[in-house]
Amino acid sequence: MEINKRVIIVSNRLPVKIKEQDGEMTYHTSEGGLATGLASIYKQNNNLWIGWPGAIVEDRVKTKVEEDLQQKNLLPIFLTQQEINEFYEGFSNETIWPLFHYFPTYTTYNPQYWESYKAVNQKFADAILKVASKDDVIWIHDYQLMLVPQMVRDVLPEVSIGFFQHIPFPSYEIFRILPWRKELLQGVLGADVLGFHTYDDVRHFLSATTRILNIDGMANELTIGNRKVAVDAFPISIDYKKYRQIAEDNITRRNERKLKQLINHNKLVISIDRLDYSKGIIHRLRAYELFLQKHPELRGKVTMIQLVVPSRDNVPQYKELKEEMNRMVSEINGRFSTLGWQPIQHFYRSFPIHLLSALYKAADVALVTPMRDGMNLVSKEYIASKIDQKGVLVLSETAGASRELSDAVLVNPNDIWEFSDKIYSALNMPEDEQKRRMAAMQQTVARFDIFNWVNNFMDKLAEVKAQQQAMYTRRINTSIQQKIGIRYYYGQKRLIFLDYDGTLVPFHNQVDAAIPDKDLLSILKKLSEDPHNTVVITSGRDYNTLQAWLGHLPLDMIAEHGAWYRDHGKEWRSRRDLNNEWRHEIHRVMDMYARRTPGAFIEEKSFSLAWHYRKVEEGLGSLRAHELMADIKHFVSDQGLQLLQGDKVIEIKSITVNKGKAAKRWLEKDDYDFVMAIGDDYTDEDTFKAMPDDAITIKVGNNVSAATYFMSSYAEVRALLHELYMAENIGDQLRRDAGILKEAS
Ligand code: GDG
């Protein structure tokens with residue numbers, strides 16, 4: 001991270017609890033994991049954390065609260081009761097929370113909640129914009145603030161914005177249920193880096209954006225206008241050292257002794273969560289009940305301490321959950337208790353940290369079995385607290401933490417039968433195996449701690465910004481365009497290579513729909529009729545099409561990436577050294593895949609075969625393309641062929657054919673004083689590489705390229721070409737500019 005940049009953290013809640021007592025305001029700083037991790041940032045210099053202080057603050061004390069919090073580098077956003085009801089409890093907790101945790105039946109779709117969500121997000125954005133400048137780094141957190149990144153971007157287009165989501169991102173099929181899916185995606189895509197806990201979340205997010213917004217992406221990078229956006233997994237963690245220190249503290253040791261007495265030195269199973277349907281509390285109780293039923297010999301020898309931290313219990317679903325939980329706990333205790341033993345000790349409250357730590361230390365087994373969880377920090381805290389490395393973690397495969405903690409005993413919380421068996425085997429796991437697994441998990445958690453998480457995210461943000469800036473300096477602007485215009489104007493012998501699809505015309509679903517329009521024909525005509533110019537169309541298309549579309553113009557042309565070429569006014573010629581013996585076999589395999597893939601088709605060119613999947617269902621096309629490539633890859637290398645992966649197309653041709661080789665034929669013909677090549681595809685990279693050092697090479701799009709400059713679209717290319725031939729007409733102006741530039745240099 002660049003130290004000289006100011007960092008602004010934004011989250012729904014500030015890491016502080018405020019209370020008014022006898023007319024005095026009191027502030028309790030949060031000890032939560034996120035607050036600890038981010039303390040290393042927001043407490044420094046003039047950095048800042050913006051958020052809601054967690055209580056309704058009366059007007060008369062607002063200024064005082066602001067002043068007090070300012071001392072702690074915190075900036076409060078005050079919410080009204082209605083905003084809390086509709087934005088926070090409403091849209092955030094009754095719409096996004098259940099849906100993103102795969103509880104669509106619990107999801108509320110209330111337009112009033114949505115309006116409030118938008119308004120409060122705008123309130124946060126306004127507060128940020130009041131204090132932020134374009135050189136700051138803004139890190140926005142979580143599902144309550146998904147619209148804020150774009151709201152900030154609209155006003156500060158160059159500012160660096162990160163967004164991290166702490167809850168899961170659901171699969172596309174779940175996400176698409178939401179009426180406001182587009183707006184939420186567009187909102188978060190205002191960020192430069194989007195972070196999730198796991199690769200699965202990343203996959204789901206990418207699949208939702210490509211399907212719902214039709215946005216182009218390469219691996220985990222998306223292109224939003226001219227901006228590259230990185231989507232990545234940053235698994236959050238805990239302050240490992242702090243949890244170890246607490247575990248070794250004398251207060252914790254005392255608590256541990258008391259706990260062991262409380263349960264008569266029985267085997268201890270712990271269960272710790274906030275009251276929430278996503279945490280799998282009911283399923284866990286069922287599995288424990290079944291375990292007791294299956295193993296009468298262990299009754300009286302095992303105790304579960306269940307700690308449930310109160311939460312949202314005025315929301316109907318939470319109220320019901322609480323009632324159901326209480327009913328089950330009484331039922332299990334009623335059914336199995338003996339005079340001296342109760343199978344579950346239930347606490348509906350919060351424990352101080354040293355008692356929590358004692359629970360972790362004393363537990364033989366921790367049941368961390370949510371139905372869904374973004375990460376789950378309890379599992380990591382349990383691991384960190386195990387100084388003697390004895391103890392077993394039973395962990396849901398649907399918790400983000402399961403992706404890192406593969407040495408835990410993993411369960412599907414819905415499979416109650418297997419779950420109960422795993423409780424049994426966890427309680428009976430040999431000590432050396434417990435230690436081996438615990439040591440491996442401790443290594444992971446110690447290494448990838450909360451500070452590592454913060455650094456990784458901030459580094460990525462800086463890296464993406466640097467890439468964007470490097471790209472920005474290579475993007476053609478008025479001044480670069482002017483310089484190109486001057487060189488063009490003074491050029492006596494000009495050679496111009498132009499790719500066709502994606503460079504001069506937009507992509508179309510129908511291959512044959514990319515027919516040149518009037519505007520393009522007029523540009524090409526004017527450019528190629530200039531006796532100082534040689535204009536070469538360098539395309540992968542077959543020569544018949546190029547001839548039909550552009551044959552009447554005084555253009556030179558390269559077709560099929562160089563297998564065919566034509567000098568204007570002459571016949572098309574093909575390379576003599578190419579054979580087509582491979583064709584039959586490749587065609588047979590391509591055809592097999594085309595028949596299995598609705599929308600796919602084969603394009604036959606004289607020296608190559610292309611398999612197109614532009615019209616195939618999103619996802620299926622690239623899956624089939626990969627299968628096809630795997631099938632033919634040995635044949636391709638044995639036969640001296642090459643396999644080109646284009647935009648929704650794969651093409652097979654001789655390895656000796658490429659646009660760069662073909663372009664050399666023109667370069668060797670004469671001495672030119674102005675050489676320019678423009679293209680959008682990876683096949684144009686061969687052209688760029690073949691160009692002399694002083695050539696002007698321009699990539700259309702944002703992908704990595706050997707070209708010197710970048711442009712965004714075919715429309716910009718046309719505008720540039722238009723400017724160039726107009727240069728002849730505005731020569732005086734350019735001459736003046738050239739004079740100015742020369743003087744300046
Ligand atoms: C989100 C995501 C993701 C619990 N009981 C007591 C207590 N706790 C503390 C634990 C732990 C924290 O609460 C719970 O952390 P989780 O990770 O389980 O969940 P959340 O923070 O609610 O929510 C989650 C996380 O964000 C971070 O990205 O992992 O998936 O839902 O630290 O120790 N602390 C004390 N007494 C208790 O009784 N002192």
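**Entry 1: the shell around the ligand**

I looked up which elements supply the shell around the ligand: strand E12 (267-274), strand E13 (302-309), helix H13 (353-362) and helix H14 (378-385) each give at least two residues. Helices (H or I, at least four residues) and strands (E, at least two) are DSSP runs, numbered from the N terminus. I note that this is a predicted model, in which local features need pLDDT of at least 70 and side-chain atom pairs count only at pLDDT 80 or more, while totals for chains, interfaces and linings use all residues. Residues are numbered from 1 along each chain as its sequence is written, and side-chain values use heavy atoms, with hydrogens and water left out.

I found 20 residues around the ligand, of which His-166, Phe-351, Asp-373, Leu-377 and Glu-381 come nearest; a residue is near if one of its heavy atoms lies within 4 Å. By class I recorded 11 nonpolar, five polar and four charged residues in this shell. Here Ala, Val, Leu, Ile, Met, Phe, Trp, Tyr, Cys and Pro count as nonpolar, Asp, Glu, Lys and Arg as charged, and the others, Gly among them, as polar.

The ligand lies between domain 1 (7-233) and domain 2 (240-447), because both give residues to its shell. The domain bounds come from an automatic or database domain assignment.

I then checked polar contacts (pairs of N or O atoms within 3.5 Å). A polar side-chain atom of Asp-373 lies 2.5 Å from a ligand oxygen atom, and one of His-166 lies 2.6 Å from a ligand oxygen atom. At Met-375 a polar backbone atom is 2.8 Å from an oxygen atom of the ligand. The ligand taken alone exposes 730 Å², and the protein buries 78% of that (Shrake-Rupley method, 1.4 Å probe).

**Entry 2: cavities**

I counted two cavities of 30 Å³ or more. A cavity is a set of points, on a 1 Å grid over the protein atoms alone, where a 1.4 Å probe fits but cannot get out; lining residues have an atom within 4 Å of a point. A volume is the space filled by probe spheres set on the points, which are joined across faces, edges and corners.

The largest cavity has a volume of about 450 Å³. Its lining has 30 residues, with Asp-501, Phe-507, His-612, Val-649 and Asp-681 nearest the centre. I noted at least three lining residues from each of domain 3 (475-578 + 659-731) and domain 4 (585-654).

The second largest cavity has a volume of about 40 Å³. Helix H16 gives the most to its lining, with four residues. I recorded six nonpolar, two polar and two charged residues in that lining.

Technical notes. Polar contact = N/O pair within 3.5 Å; in protein donor to acceptor, adjacent residues only side chain to side chain. 1 Å grid on protein atoms, 1.4 Å probe; cavity = no way out; pocket = protein on both sides within 12 Å on 5 of 7 lines; lining within 4 Å.
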